[in-house]
Amino acid sequence: MRPELTKALDTAWRELGEPGVWWTGGERLRILSEARTARQCELCRVRKAALSPHTVAGCHDFATDLPAAAIEAIHRIVSDPGRLSEAWYRRTIELGLSDEAYVELLAVVAIATAVDTFDRARGSPLRQPPAAVAGKPTRHRPAGARPGLGWMPMLAPEDVTPDDPPLYSSAGRIGGNVHRALSLVPQAMMQFWDMFEAMYLPQDAMRDFAHEYRAINHAQIEMLAARVAVLNQCVY
């Protein structure tokens with residue numbers, strides 16, 4: 001296994017237990033636990049099989065004391081992401097989650113899912129949760145974040161201020177829509193993106209078709225990515 005990939009996965013996993021911007025380290029670990037529980041949730045299974053998830057009422061098989069809105073968000077993101085809608089997002093926010101808390105929750109679920117899926121694929125047991133690190137969330141919202149592009153506000157490269165972390169400053173971070181998706185919580189976006197680039201390709205390497213950076217070539221990588229996107233009902 002590539003050393004930089006091992007390091008990126010280990011770092012992303014450890015950071016799940018650290019205080020975030022809108023959730024404590026302990027709460028982030030409960031999001032991890034809930035994401036794992038959602039994979040065996042009976043309500044999620046029935047909803048996934050239904051013509052519309054909104055036709056099936058019930059209670060999730062939950063494992064934590066997270067707020068109901070957070071549990072609903074985690075379970076739907078894990079079990080049926082292809083049928084999420086802006087209307088569902090708005091209802092979830094109205095139940096008590098802020099835009100910022102949702103974005104960080106989404107990042108934690110995405111990191112946990114990526115690491116667990118990778119470990120299962122290579123035949124390794126699921127990792128034990130990292131240690132929870134004490135500390136309070138900073139609750140810093142980027143001053144330049146604004147709505148318009150997606151469901152939640154985002155921070156464009158031209159709106160970054162000196163008070164924001166350098167989420168677009170490193171090589172390859174050019175602020176495309178995929179890159180901006182988690183930008184309302186820059187720390188969460190950077191944690192996900194650092195892992196993503198090690199698992200996939202840095203953005204500058206994605207467009208460098210004169211060189212191959214992995215054991216498989218660009219075309220093979222994109223074919224695998226496209227197939228996975230279809231299986232996950234990814235509209236992107």
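Cys-44 is buried, with a relative accessibility of 4%; buried here means under 20% relative accessible area and exposed over 50%, with partly exposed in between, for a 1.4 Å probe and protein chains only. The model is a predicted one, in which local features need pLDDT of at least 70 and side-chain atom pairs count only at pLDDT 80 or more, while totals for chains, interfaces and linings use all residues. Residues are numbered from 1 along each chain as its sequence is written, and side-chain values use heavy atoms, leaving out hydrogens and water.

The closest cysteine sulfur to that of Cys-44 belongs to Cys-41, at 3.6 Å, which is too far for a bond. Cys-59, by contrast, is exposed at 56% relative accessibility, and its sulfur lies 8.1 Å from the closest cysteine sulfur, again in Cys-41, too far for a bond. Across the whole structure, zero disulfides are found (pairs of cysteine sulfur atoms within 2.5 Å).

Turning to the rings, the structure contains six aromatic pairs. Rings of Phe, Tyr and Trp (its six-membered ring) pair if their centres lie within 6.5 Å, and count as stacked with planes under 30 degrees apart, edge-to-face over 60 and tilted otherwise. One of the pairs joins Trp-88 and Tyr-102 edge-to-face, with 6.2 Å between centres and 65 degrees between planes. Trp-88 sits in helix α5 (residues 86-94) and Tyr-102 in helix α6, so this pair ties together parts 14 residues apart in sequence; helices are DSSP runs of H or I, at least four residues, numbered from the N terminus. Both partners are buried, Trp-88 at 3% and Tyr-102 at 2%. Together with Tyr-89 and Trp-151, they form one aromatic cluster.

Conventions. Helices (H or I, at least four residues) and strands (E, at least two) are DSSP runs, numbered from the N terminus.
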